[in-house]
Amino acid sequence: MTAVRHRLRRTLAAAALGLAPLAATAAPTASTATTANGAFEFVALGDMPYGPDAMSGPAYRRLIEQINDEKPVFSIHVGDFKDGVTPCTDELFARQHEHFQRFDGPLVLTPGDNDWTDCNRTGEDPLERLQALRTLFFPADRSNRSLGRRPMAVESQSRVMPVFERYRENLRWWHGDVLFTTFHTVGPNNNSDAGSAALRGEYLARESANAAWIRASFRLARERGAKALVFATQADMFRRVDSRLPLRLRGGFGTSIAGALVPQTVASGLPVLLVHGDSHHFIADQPFVDRAGRPIANLWRLEVFGDPRTHAVKVRVEPGAAEPFSYAPIWNAMSADPRR
């Protein structure tokens with residue numbers, strides 16, 4: 001275990017007990033402006049809201065208000081905007097779209113399994129629901145804009161790489177010298193073990209698109225002299241076999257993560273942060289290893305809170321710093337507090 005992982009785990013434990021701020025240094029006053037050294041803050045959240053709106057809606061809307069108060073440069077929702085057993089109706093999709101339009105700043109979504117793959121639990125066709133999700137949240141005529149009240153310009157894989165025209169949800173954008181990219185994976189195993197041939201075929205095609213999009217982002221980062229990259233996706237790609245051993249990647253992520261993101265990160269030498277949800281635990285660490293089992297020093301990951309903990313994470317990015325990513329929870333008083 002690296003010294004960085006030791007330090008991150010100590011600060012996480014202290015934050016959980018309310019003893020110290022999570023980030024290695026005190027978080028500055030939030031601002032939409034980038035500082036003189038290029039530092040800025042964005043917000044990450046996901047796996048919420050779950051259940052009927054009467055139960056989960058007030059706390060979720062309160063969290064959005066708190067995020068608006070922080071004035072991040074943008075926010076990223078890493079999917080699962082509903083639970084896995086609530087029907088995937090057009091009405092529910094519309095309600096969640098309205099929630100995203102409550103964000104004062106730009107909001108970027110990457111879909112989760114509850115949002116379409118698990119819709120078969122309530123008798124709906126996952127592939128039809130995926131198309132409905134793309135139509136509402138990633139319309140073809142607005143694929144160059146994010147969600148939110150003040151959307152920002154983004155690039156969609158569907159426009160940049162026409163051979164992957166259906167993947168309008170795979171987006172990228174710049175903030176200063178940092179390149180952000182979303183790619184579409186879903187828990188628990190990326191639908192690689194789905195019960196139907198059609199869904200397994202969808203998985204293979206989507207992973208091919210993901211890998212191409214990740215590699216394209218690293219090429220663009222090299223061409224434009226990026227100082228760091230941040231990727232966001234829904235799925236927790238790790239399976240926990242033995243707490244004494246390093247985490248191991250699930251088989252459903254062999255193309256996008258093991259085959260593209262990890263080797264590209266090693267080859268680039270640039271600081272890379274991977275943000276994801278799915279497991280509902282707030283974790284910041286460096287769990288990735290190379291083929292020889294050695295820790296990858298320039299690859300970090302952040303897993304965000306999830307239901308029933310309706311909190312978010314403010315991420316501070318300091319391009320050029322030895323440790324360019326630091327984290328501070330946005331605690332929601334209307335939600336369960338893991339520090340107690």
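How many disulfides does the structure hold? The structure holds one disulfide, a disulfide being a pair of cysteine sulfur atoms within 2.5 Å. This is a predicted model, in which local features need pLDDT of at least 70 and side-chain atom pairs count only at pLDDT 80 or more, while totals for chains, interfaces and linings use all residues. Residues are numbered from 1 along each chain as its sequence is written, and side-chain values use heavy atoms, with hydrogens and water left out.

The disulfide joins C88 and C119, with sulfur atoms 2.0 Å apart. The link is left-handed, at -95 degrees about the S-S bond. C88 lies in the loop between β2 (75-77) and α3 (90-100) and C119 in the loop between β3 (107-109) and α4 (126-137), so the pair ties together parts 31 residues apart in sequence. Helices are DSSP runs of H or I, at least four residues, and strands runs of E, at least two, numbered from the N terminus. Buried means under 20% relative accessible area, exposed over 50% and partly exposed in between (1.4 Å probe, protein chains only).

| Cysteine | Relative accessible area | Class |
|---|---|---|
| C88 | 1% | buried |
| C119 | 0% | buried |

Helix α6 (residues 197-224) packs with helix α7 (residues 254-268) at an angle of about 10 degrees, their axes 8 Å apart. Axes are lines fitted to C-alpha atoms over the stretch in contact, and angles run from 0 to 180 degrees between N-to-C directions. α6 and α7 are therefore roughly parallel, a term for angles under 35 degrees. Contact means heavy atoms within 4.5 Å; among the residues that meet are I214 and F218 in α6 and A260 and L261 in α7.

Note on methods: Parallel < 35°, antiparallel > 145°, perpendicular 65-115°, else oblique.
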